[in-house]
Amino acid sequence: LSVGFIIHIILFIIVLFERSKFECSKFDSLCVNSFLFFVCLYRITFILDIFARFQYFLYPFYVIFLIKLYRISSVKQKLWLGTLMIAISFYFTYTKTTADSRYVPYTNYLIFFIEGNNMSFQERSDYNANNSPYKPL
């Protein structure tokens, strides 16, 4: 089980029990159905990678659904949902940036150029792998 999978299951259960609150128009019905399809497809992509690219077409409906969920919530639920969304965003950002040496330390060739430190392409290519506290790619 992953954090993303648990979040999708919780949202899936919310939609199943509160579907009437989300479907006010045909577009809302399309968004809800697309969200449900996205959650099912999300799980299938763990088994068959080829289906992962279909998720990209459904992401806009996923985001629209999250916005709709936030808008129909009460003030107390909005505070809780907003805090949860921000915490999850920080968690995924942190895990992505610290997973390997790709992002840390941040390097910018313009800064090296301005400082007069003209490194070769190979030196720039190997810079993060040599200077990062995280495992190389």
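Visitor: What makes Cys31 count as buried or exposed?

Guide: Buried means under 20% relative accessible area, exposed means over 50%, and partly exposed is in between, with a 1.4 Å probe and protein chains only. Cys31 has a relative accessible area of 4%, so Cys31 is buried. Keep in mind that this is a predicted model, where local features need pLDDT of at least 70, side-chain atom pairs count only at pLDDT 80 or more, and totals for chains, interfaces and linings use all residues. Residues are numbered from 1 along each chain as its sequence is written, and side-chain values use heavy atoms, leaving out hydrogens and water.

Visitor: And what is Cys40 called, with a relative accessible area of 40%?

Guide: Cys40 is partly exposed, because its relative accessible area is 40%.

Visitor: Why is Asp28 called buried?

Guide: Asp28 comes in at a relative accessible area of 12%, so it is buried. Its place is in helix α3. Contact means heavy atoms within 4.5 Å, and leaving aside neighbours within four places in sequence, Asp28 is in contact with Phe22, Glu23 and Lys68.

Visitor: What makes the nonpolar surface patch?

Guide: Ile44, Phe46, Ile47, Leu48 and Ile50 do, and the patch is about 510 Å². Patch residues have over 30% relative accessible area and no salt bridge; like charges are joined within 9 Å, and nonpolar side chains (Val, Leu, Ile, Met, Phe, Trp, Tyr) within 5 Å. A salt bridge is a side-chain nitrogen of Lys or Arg within 4 Å of a carboxyl oxygen of Asp or Glu. Areas come from the Shrake-Rupley method with a 1.4 Å probe, and for residues only the protein chains shown count as cover. Ile44 is partly exposed, because its relative accessible area is 38%, and Ile44 lies in helix α3, residues 26-44.

Visitor: How many helices and strands are there?

Guide: Helices (H or I, at least four residues) and strands (E, at least two) are DSSP runs, numbered from the N terminus. The protein has seven helices and zero strands.

Visitor: Why is the protein called more spread out than a compact globule?

Guide: The radius of gyration is taken over C-alpha atoms, and the globule rule is 2.2 Å times the number of residues to the power 0.38. For 137 residues that rule gives 14 Å, but the protein has 21 Å, well over it, so the protein is more spread out than a compact globule.
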